[in-house]
Amino acid sequence: NHSLQHMMKQLGRIATHLEDKDHGGAGDNGLLKQALIKEFINTLRLSELLNIKAEELLESIPKFMK
């Protein structure tokens, strides 16, 4: 639950950037980059809690990028 809350916090920041862009604003690329990095870290932490190695996630990317 705690990991999910951290992920949702970053998704809110990403949504804030995108909402601003959708309405003609410049968004905040620094905020977006920081949120994406933190979301990636949150994903790695959650996978660790679920006993899924980061290498396994990375190797699976091509399969799910289709």
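**Terms and their grounds**

Guide: Leaving aside neighbours within four places in sequence, Ser3 is in contact (heavy atoms within 4.5 Å) with Leu46 and Leu49. This is a predicted model, in which local features need pLDDT of at least 70, side-chain atom pairs count only at pLDDT 80 or more, and totals for chains, interfaces and linings use all residues. Residues are numbered from 1 along each chain as its sequence is written, and side-chain values use heavy atoms, with hydrogens and water left out.

Visitor: Why does Ser3 count as buried?

Guide: Buried means under 20% relative accessible area, exposed means over 50%, and partly exposed lies in between (1.4 Å probe, protein chains only). Ser3 has 15% relative accessibility, so Ser3 counts as buried.

Visitor: What makes Gln10 buried?

Guide: Its relative accessible area is 4%, and therefore Gln10 is buried. Gln10 is found in helix α1, a helix being a DSSP run (H or I, at least four residues) numbered from the N terminus. Not counting residues up to four places away in sequence, Gln10 touches Ala35, Lys38, Glu39 and Asn42.

Visitor: Why is Gln5 called partly exposed rather than buried or exposed?

Guide: Gln5 also lies in helix α1. Because its relative accessible area is 48%, Gln5 is partly exposed. The C-alpha atoms of Gln5 and Asn42 are separated by 9.7 Å, although these residues are 37 residues apart along the chain.

Visitor: How do you know that Asp20 is partly exposed?

Guide: Asp20, in helix α1 (residues 2–22), has a relative accessible area of 34%, so Asp20 is partly exposed.

Conventions:
Helix = DSSP H or I, 4+ residues; strand = E, 2+ residues; numbered from the N terminus.
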